[in-house]
Amino acid sequence: MKQIRNSILLLPLLVFLLFFIVACFSLFYGDWLERKRLISETSLQALDEASRLARQASHLSHGDTGVLEQEVLQLRTNSLVSQALILDETGRVIVSQRPEWKGLKASGVIGGWSPAYFNRIVQGSLADIRIDAENMRVSVLTPYENLATVGQGEGARRGGVYLMHDLSAVLDRQRERNFIQRLPDLGLVLLFAIGLAFWIYRSVVAPLRSITEASRRIGKGDLSVRAPISDSGEVAELGNHFNSMADALEHELKARTELSDQLQQSYSRLTRLTAHLPGVVYQFLLTPDGRFSMPFASEGLRLKYGVAPEQLTQDAAPLLDRVELADREAFNVSILESARTMQPWHHEFRVLLANGKSVWHAGASRPEKLADGSIQWHGFFMDIADRKRSEESLRLSTSVFETTGEAIMVTDAQGLIVMVNPAFCRITGYTEDEVLGKEQRMLSSGRHDPEFYRAVREALQTNGNWFGEIWSRRKNGEQYPEWQNISIVRDNAGNITHYVTVFSDLTEIRKAQEEAENLSWRDPLTSLSNRALFLRQTDQVLAGAQRDGGYASVLLIDIDRFKDINEARGLAVGDALLKAIADRLTRGLRSDDVLARLNADEFALVLPRFSATQEEAGREALAVAEKLRTILFESIEIEGETFHLDASIGIAVLPESPEETSSDALRRADMAMHEAKTEGGARVVFFEAAMGDAVRERFLLERELRLAISENQLRLYLQPQVDAAGVQVGCEALVRWQHPERGLVPPAMFIQLAESSELIVSLDRWMLAEVCRLLAQLKREGRPLRISVNISPRHFRREDFVDEVKRLLAASGADATYLVLEVTEGMVIGDINDVIAKMNKLMEMGIQFSMDDFGTGYSSLAYLKRLPIHELKIDKAFIQDSTSDSNDAALVETILSVAQHMDLQVVAEGVETQAQADFLNARATVIHQGYFFGRPEPVESWLAKHCT
């Protein structure tokens, strides 16, 4: 409307502009005509005047120019003539309007003058006229010939007359007159345009503006406004139609408002209804291009899944992505199948909620095909987790009922059987059909009196259940014990409806108890008495001895080197040998003697026959011990291999005191046995009081050694290793114990003790850590040195040994190439492949290995060949007598020869004299270690002496 109104207002302006353009054209055209007229008239006039002056110049006497000057001066009265010149044949001014130009060259007073042009015109006979239309100038050059000079005896002289007319002022005056003549016309046209504009504004623009304002207000919602109608014609008709349209719009809007209110009320009711439903009501849309959306979803979607329904109107992906990945393919297939067949959709699937919890849902909907080819489902889905749990519980209950090993029997209130499980049929021998509807008393064994059953009924009435052991009868008549649990089932009114009886057959349990009872007192391998039965039987012997005043004996028998046999031949051979030993020992004893296997290769024997004195009991025990050693030494053949065994036997005579127990007697025999082992084995030792003191001292020392490791009482010592010239090339790291009360404890007192337990591992770890720190310190100070440290077989065999060494090296920053690990030959007993693998891993790090005490252990050259050893360490026992004992000398020479052929370095321990050093140097390149070159000293002293 605004554009139409603006277009109408442009009409007067266009009329005025059109007239203005026509007037301008008329002015310009008139000006053009006037210019042409002026130029034409002036050209003719200029030619005429120039010709007249040329004629007068042709009769000009020599030097007589007065008449001609008068003619030229008269031209000054003509405003159009700007220049008038009479020129001689050289182009010099003869006569001019301006006296000062006389005698000057024409080129000096006429702009753009061309002498060539002048000569060409003067030599001719025709005048030349030039018109400068742009500047409104007309110039004429006319030639003349002075005939007067001929009569004076001279040749005729030629010259030219030059006139220039300037028409610009005349043209400007003419233009001004023309414009003034047009002003009245322009005024009339302007008044006409203003009047036309006023009429258009009043008749068209103002009514349209009113209609526009009314439209704007209607657009803002004010439907009561109307356009004013004050005239007739098309605009008034437009106003009438506009008001009619506004009336119709107001009526339509009222109807729509009423309908919207009704729809809103319906939608609110639907929203409230769907919001309180347990699931989600929805519309699901599948477009022909395969896109999924949900045009409608109830508020349950937001509450349950944290997804706003409006998020799904264009794309249902935020909800579909919640379907668990494992169920997504089946979910999509079910939807597409429903779309293909147009059958109702039913599916169960799992959904991930906003809190990450997975719950089961069931969906149901009916499809509808829309006009554009889309398919829309109307339906709902809801949480079925409770139902699934119920189904799972029912399934599990059924499964338990069907598969449990315990029999289940359900009877009604009258005691008739209504349900049994397979275990019931298996235990009783009855089929389900044979017992349903029958009384449960058909299973009664007849062993229990009426009082027993009365007690059962009273317990059920009082407590609601009864449990206990009861005898029952199978279909074949066999009676068997069972453990039974009876529970009452009541209805909502509290009335008894059923009895549930769960029972298990105790027959196998009874057998198992008997076997367990036997196993609790017997060794499973040899069937001999075990430790518990042996102590029990020994307690009985002690009680009899204390009661009757006699003496008996306890023997503890340990098979010598059985561990070596077990490791070398395997556990199967070891077990077979133990059974053979138990059989041999049993056959060599009396029937009342009590033989037991306590653990591994350790047997115990109690001789229950009382002697009057301890000496008699000791003699009898010694006789039995020697007899058993003789029996064991006889050959025993296992899998084609013959074994001759011996034993270390400890004997304790009991009772030693009135308060002695079987454990005390066994402990005393154990002390005696360990003393026999310490003395080399294959002997019999009686317990003595001093032996107990030594054990207690050992126990105390072991406890204090544990504290020493944790409380930093250990000290690192170093003993130098030198070459043949006496130059130090390395050290061996040794450990000493600085006891706060005992002082410096020598290694002989605690190393063997540590090696018999896990304490040796702790000692090794401490030594490794200290040596690594020392190696790192020496490297930082620019004095790296090779240091060797002993590693026990127990520590080396640990699975984490390699990782532990790596960790210590990395933590300290030590260079592994300066670390030497000293191992003994006993390390290879067992899994040699594992030993080699560990050594190779450590070698890859740069660590070297030394075989310590070579020649004193197994000294297997086959092992030596396979092990990645860098050096052999000759035991000091061979070195000390090498200069005086030919056998030791031969052994040393043999070891040196082996090392030379295997390209191994040799370290000799215990070099204490020059003679020993010379003996070694004369035979090979050997590294010396011993008191002759330096005693072990604290690391602090060694550093102060050798590193300053």
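## Helices 17 and 18

Helix 17 and helix 18 are oblique to each other, a class that takes what remains once angles under 35 degrees (roughly parallel), over 145 (roughly antiparallel) and 65 to 115 (roughly perpendicular) are set aside. The axes of helix 17 (residues 562-569) and helix 18 (residues 571-587) cross at roughly 140° and come within 6 Å. Axes are lines fitted to C-alpha atoms, for helices over the stretch in contact, and angles run from 0 to 180 degrees between N-to-C directions.

On the helix 17 side, the contact (heavy atoms within 4.5 Å) involves Phe562, Ile565, Asn566 and Arg569; on the helix 18 side it involves Leu571, Val573, Gly574, Leu577 and Leu578. The residues of this contact divide into 6 nonpolar, 2 polar and 1 charged. Here Ala, Val, Leu, Ile, Met, Phe, Trp, Tyr, Cys and Pro count as nonpolar, Asp, Glu, Lys and Arg as charged, and the others, Gly among them, as polar.

## Model and chain

This is a predicted model, in which local features need pLDDT of at least 70 and side-chain atom pairs count only at pLDDT 80 or more, while totals for chains, interfaces and linings use all residues. Residues are numbered from 1 along each chain as its sequence is written, and side-chain values use heavy atoms, with hydrogens and water left out.

The secondary structure of the chain comes to 31 helices and 32 strands. Helices (H or I, at least four residues) and strands (E, at least two) are DSSP runs, numbered from the N terminus. Of the 948 residues in the chain, 42% are buried; buried means under 20% relative accessible area, exposed over 50%, and partly exposed in between (1.4 Å probe, protein chains only). Among contacts between residues at least 6 apart in sequence, 58% join residues at least 24 apart.

Strand 3 pairs with strand 4 (residues 137-146) over 5 bridges, in the antiparallel sense. In this pair, Asp128 stands opposite Leu141 in strand 4.

Another open sheet has 5 strands in the order 7-6-10-9-8, and the pairing is antiparallel. Its edge strands are strand 7 (292-297) and strand 8 (345-352), each pairing on one side only. The twist averages 30° from one strand to the next. Strand 8 and strand 9 (residues 358-369) run antiparallel and are joined by 8 bridges, with Phe349 opposite His361 in strand 9.

Helix 10 (residues 325-341) lies across strand 6 (280-286), strand 7, strand 8, strand 9 and strand 10 (375-383), at about 155° to strand 8. Ser293 sits in strand 7 and is buried, with a relative accessible area of 5%. Beyond its neighbours within four places in sequence, Ser293 is in contact with Gln283, Phe284, Leu285, Leu312, Thr313, Gln314, Asp315 and Ala316.

Strand 29 (residues 871-874) pairs in the parallel sense with strand 30 (residues 905-908) over 4 bridges, and Glu871 stands opposite Gln905 in strand 30. Strand 30 is also parallel to strand 31 (residues 926-928), through 3 bridges; there Ala908 stands opposite His928.

Met843 belongs to helix 26 (residues 832-844) and counts as partly exposed, at 31% relative accessibility. Leaving aside neighbours within four places in sequence, Met843 is in contact with Phe849, Pro868 and His870. The C-alpha atoms of Met843 and Ile869 are separated by 9.7 Å, the two residues being 26 apart along the chain.

## Helices 23 and 31

The axes of helix 23 (residues 759-780) and helix 31 (residues 939-946) come within 13 Å and cross at roughly 15°. That makes helix 23 roughly parallel to helix 31. Leu774, Gln777 and Leu778 in helix 23 meet Val939, Trp942 and Leu943 in helix 31. The residues of this contact are 5 nonpolar, 1 polar and no charged.

Methods:
Two strands pair if DSSP finds at least two bridges between them.
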